[in-house]
Amino acid sequence: SWRADRLLEMYEEVTGLKPNLYCRDRDHVWAKAMVAYQLLQEGYSLESVAMSLCKQNHSSVIHYRQKMQDALDVPQAYKAIIEIWNKFQKRIQS
């Protein structure tokens, strides 16, 4: 979707990392988790988020949502991730 593409661009602007939707490296997985979580917060369905992130299935999106929720629930355990999340959120708001 257009919105997913824009969020991926914003993530790249904040981190300097161009998210590779086919890569399972840690940093790319976190990028997908943040974008998926944001899309779900904006009201997109599991299926539409899954399709936006390169035709993944909805269980992948559920995994990303839980991964991001874990980081938000225990921020002290995910300091670096929360730092990126906060910058990403500021970029979305601007």
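Helices α1 (residues 2–15) and α2 pack at an angle of about 130°, with axes 10 Å apart. They are therefore oblique to each other. Angles under 35 degrees count as roughly parallel, over 145 as roughly antiparallel, 65 to 115 as roughly perpendicular and the rest as oblique. Axes are lines fitted to C-alpha atoms, for helices over the stretch in contact, and angles run from 0 to 180 degrees between N-to-C directions. Helices are DSSP runs (H or I, at least four residues), numbered from the N terminus.

This is a predicted model, where local features need pLDDT of at least 70, side-chain atom pairs count only at pLDDT 80 or more, and totals for chains, interfaces and linings use all residues. Residues are numbered from 1 along each chain as its sequence is written, and side-chain values use heavy atoms, leaving out hydrogens and water.

Now turn to α4 (residues 58–73). Its axis and that of α2 come within 8 Å and cross at roughly 95°. That makes α2 roughly perpendicular to α4. On the α2 side, the residues include Val29, Ala33 and Leu40. Among those they meet in α4 are Val61, Tyr64 and Leu72.

Technical notes
Helix = DSSP H or I, 4+ residues; strand = E, 2+ residues; numbered from the N terminus. Contact = heavy atoms within 4.5 Å.
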